[in-house]
Protein chains: 2
Amino acid sequence: MKLGRLNHIGVATPSIADSVAYYRDTMGAIHIGEPFDLPEQGVKVCFVDTPGHDGTEGTQIELIEPLGEQSTLRTFMEKNPLGGQHHVCYEVPDIDAAREWFEGKGKRILGPTRIGAHGTPIFFLHPKDMKGQLTEIMETPKEAH
Amino acid sequence: MKLGRLNHIGVATPSIADSVAYYRDTMGAIHIGEPFDLPEQGVKVCFVDTPGHDGTEGTQIELIEPLGEQSTLRTFMEKNPLGGQHHVCYEVPDIDAAREWFEGKGKRILGPTRIGAHGTPIFFLHPKDMKGQLTEIMETPKEAH
């Protein structure tokens, strides 16, 4: 497997509304998407675009806020009440091949492959097997999003 | 101020040698730099390149390992023995203007502006003022590096 694009870093926040104001007013972000719910993952999501080289799309910031009482994000927020860096997400061309690759490496995959925030298949890998980083693997969208 | 490129994310590790093997063999990284010491920051550093869109440079992974007994990274490693996400670094065109901007916003800047791992001026902002993220601001290198 060849390392893919760092699609986004997941940043947890107690309030997407406050974080949107922060990225706009303090960090100077221009392109911020509309927040939406991802009930399967127990999170509300909002993407902040960062610029890449030469006018290309850069790595996004995926703001995530706990959604519902059962959100797995609640434990993270208890330890990090201000929020902070939560996961990294790399693109792959073929999600099934990637799953097989990481299984072959003995890495623990957290649950089934499912549809992620960009509408393509994703899975998560256990941070203890990934040098302390909760790692999301996502299939590259077929068209620019 | 306009949001700049996410130059790198800083990822702490107890062993750059182990992490280099991980990024090469598990994640499939192709371009991994040579490790070097940054004694002023109390870290050993190694950059892992990730691909951007359309053949451009993507956001890098900056591996950092504690260097010396006084390394400020030691506290982080005690809490996170496996390592993990440590900071984010955004580029700006002018470091002095950026410093003034964040000071004007009442953000705590950690120490003086100094030369960072890419050889350009940088400073760090307090994570408690930056939504839980230790945030590095770096002047964009004048030439491709």
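Colleague: In this predicted model, does F123(A) count as buried or exposed?
Modeller: The relative accessibility computed for F123(A) is 0%. Since buried means under 20% relative accessible area, F123(A) counts as buried.

Colleague: What is the relative accessibility of F102(A)?
Modeller: F102(A) counts as buried, because its value falls under the 20% limit. The relative accessibility of F102(A) is 0%.

Colleague: How many aromatic pairs are found over all chains, and which kind of pair do F102(A) and F123(A) form?
Modeller: A search of the whole structure gives 4 aromatic pairs over all chains. A pair of aromatic rings is described by the distance of the centres and the angle of the planes. For F102(A) and F123(A) these are 6.3 Å centre to centre and 75° between the planes. An angle over 60 degrees counts as edge-to-face, and the pair of F102(A) and F123(A) is edge-to-face.

Colleague: How many residues apart in sequence are the parts that this pair in chain A ties together?
Modeller: F102(A) belongs to helix 3 (residues 95-104) of chain A, whereas F123(A) belongs to strand 7 (residues 121-125) of chain A. The pair therefore ties together parts that are 21 residues apart in sequence.

Colleague: Which residue has its charged end over the ring of F123(A)?
Modeller: The charged end in question lies 5.6 Å from the centre of the ring of F123(A), and the distance limit for such a contact is within 6 Å. The residue is R99(A).

Colleague: In chain B, which ring does the charged end of K105(B) sit over?
Modeller: The charged end of K105(B) is 4.6 Å from the centre of the ring concerned. That ring belongs to W101(B).

Technical notes: Residues are numbered from 1 along each chain as its sequence is written. Chains are lettered from A and ligands numbered from 1 in the order in which they are written. This is a predicted model: local features need pLDDT of at least 70, side-chain atom pairs count only at pLDDT 80 or more; totals for chains, interfaces and linings use all residues. Side-chain values use heavy atoms; hydrogens and water are left out. Rings of Phe, Tyr and Trp (its six-membered ring) pair if their centres lie within 6.5 Å; planes under 30 degrees apart count as stacked, over 60 as edge-to-face and the rest as tilted. Helices (H or I, at least four residues) and strands (E, at least two) are DSSP runs, numbered from the N terminus. Buried means under 20% relative accessible area, exposed over 50%, partly exposed in between (1.4 Å probe, protein chains only). A charge sits over a ring if NZ of Lys or CZ of Arg is within 6 Å of the ring centre and within 35 degrees of the ring normal.
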